[in-house]
Amino acid sequence: MSVLIVGSTALDSIKTPKAENPRLLGGSASHAAVAASFFSPVKLVGVVGNDFPKPYIQLYKRRKIDLEGLQILPGKTFHWSGEYEINMNNRRTLLTELGVFETFTPTLPNSHQSAPFVLLANIAPSLQSHVLSQMQRPRFVVADTMDLWLNIALPDLLRLIKRLDCFVLNDSEAHQLTQTDNVFAALKQIHKLGPKYVIIKKGSHGSILSGPRGFFICPAYPLHNVVDPTGAGDSFVGAMIGCLAVAKGSVEDNIRRAMVYGAVVASFCCEGFGLQRTARLTRGQIEKRAKELQKLTRF
Ligand code: AMP
């Protein structure tokens, strides 16, 4: 079963204490789509300008990502630039140039409207809702967000959250949304906004799921050297939904294992700039780390 992924398709200029890399392939949808492609067929919905480098299109194609829903418009591709502090947990946005994103209205090709699994990766919640409205009875809808939308588009975001099966956000966003520091209290409050499943990501400390069968604490894979964490959250949720789309049985039966695969692909993402490491990944490498995580958490 295929996964439809909408979100940002970007050029990212990233600065860490050790290195600087301009105009890498980035964006929430790019990271999520590449991650999901290791598990299931993926349909990407987004927009790029005519400055978008051809090798980046080739990368999507190598991962067999369906690009019928990717618009290429005259103008500049969305450009985001961020800088990490020494500890790599804190990031500062240096620049956001919307380019063709400014006037983007995602219109889904007919072949995309029946995709059973939908990932509304980080973009404006009004656009996420617009895509969801074009879908015909999807089986499972997940959305991610960022602090910007909590600050400038909260009513839109709340309208979207009501329509989701699963809402994924990080711990600082959960705090901002619920005004509570306690992650379990925050999960409970977010359920009241609509979604059956809520996942709070805690960076290098893993993630926590709350669903009908209670909590699941998913570890992060222990990394000794983080090169660039940009897109780790998108990789996590992309791999998770890709895994769910091909799993036999219900979402409830598979979501915990899918989160572990999400954590594994996110760990690889952190080992290279942008998508450089993830793009070279093999299914064998993913399985090896998934087994290691299983061993690390069994008691
Ligand atoms: P993450 O590290 O998981 O928070 O995701 C980083 C990705 O988000 C980068 O590849 C950026 O291109 C993308 N991004 C940054 N700001 C925005 C924004 N305002 N809207 C959509 N995507 C964004």
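Biologist: Between which two strands is the loop that holds M88?

Modeller: This is a predicted model. In it, β6 covers residues 79-84 and β7 covers residues 91-97. M88 has its place in the loop between β6 and β7.

Biologist: Is M88 buried or exposed?

Modeller: The cut-off for buried is under 20% relative accessible area. M88 has 13% relative accessibility, so M88 counts as buried.

Biologist: What is phi of M88 near?

Modeller: Most residues other than glycine have a negative phi. M88 is a residue other than glycine with a positive value. Its phi is near 65°.

Biologist: Which phi does K64 have, and is K64 buried or exposed?

Modeller: K64 sits in the loop between α2 (54-62) and β5 (66-73). K64 is not a glycine, yet its phi is positive, about 60°. The cut-off for exposed is over 50%. With a relative accessible area of 72%, K64 is therefore exposed.

Biologist: How far apart in space are P74 and N50, C-alpha to C-alpha?

Modeller: P74 lies in the loop between β5 and β6, and it is exposed, with a relative accessible area of 69%. Not counting residues up to four places away in sequence, P74 touches N50 and V100. P74 and N50 are 24 residues apart in sequence, while their C-alpha distance in space is 5.4 Å.

Biologist: How many helices and how many strands are in the protein?

Modeller: Both kinds of element occur in the protein. The totals are 11 helices and 13 strands.

Biologist: What radius of gyration does the protein have?

Modeller: The C-alpha trace spans about 55 × 45 × 40 Å along its principal axes. For 299 residues, a compact globule would have a radius of gyration near 19 Å. The value for the protein agrees with that, at 18 Å.

Biologist: What percentage of the contacts with a separation of 6 or more is between residues 24 or more positions apart?

Modeller: Buried residues make up 57% of the 299 residues. Of the contacts with a separation of 6 or more, the share from residues 24 or more positions apart is 64%.

Biologist: Which residues of helix α3 are buried?

Modeller: Helix α3 covers residues 125-133. The cover over its buried residues includes β1 (3-6), β8 (117-120), β9, α4 (147-152) and α5. The buried residues in α3 are P125, L127, Q128, S129, V131 and L132.

Biologist: Which residues is S2 in contact with, leaving aside its neighbours within four places in sequence?

Modeller: S2 is found in the segment before β1. At 16% relative accessibility, S2 counts as buried. Leaving aside those neighbours, its contacts are P41, K43, A115, P116 and F117.

Biologist: Which residues is T278 in contact with, leaving aside its neighbours within four places in sequence?

Modeller: T278 belongs to helix α10, residues 276-279. Its relative accessibility is 0%, so T278 counts as buried. With those neighbours left aside, T278 is in contact with V34, F38, V265, F268 and C269.

Biologist: How many residues apart in sequence are the parts that D144 and K201 tie together?

Modeller: The side chains of D144 and K201 meet in a salt bridge (3.4 Å, N to O). D144 lies in strand β9 (residues 140-144) and K201 in strand β11 (residues 197-201). Both residues are buried. The pair therefore ties together parts whose separation in sequence is 57 residues.

Biologist: Which residues do salt bridges that share partners join into one network?

Modeller: A search of the whole structure finds 11 salt bridges. Among them, E83 and R92 meet at 2.8 Å, N to O. The network joined through shared partners consists of R213, E252, D253 and R256.

Biologist: How far apart are the mean positions of the positive and negative charges?

Modeller: The protein has 34 positive and 23 negative charges. Their mean positions are separated by 8 Å.

Technical notes: Residues numbered from 1 in each chain as written. Predicted model: local features only at pLDDT ≥ 70, side-chain atom pairs only at ≥ 80, totals over all residues. Heavy atoms only, no water. Helix = DSSP H or I, 4+ residues; strand = E, 2+ residues; numbered from the N terminus. Rg over C-alpha atoms; globule rule 2.2 N^0.38 Å. Buried < 20%, exposed > 50% of the residue type's maximum accessible area, 1.4 Å probe, protein only. Contact = heavy atoms within 4.5 Å. Lys, Arg positive; Asp, Glu negative; His and termini not counted. Charge placed at Lys NZ, Arg CZ, Asp CG, Glu CD. Salt bridge = Lys/Arg side-chain N within 4 Å of Asp/Glu carboxyl O.
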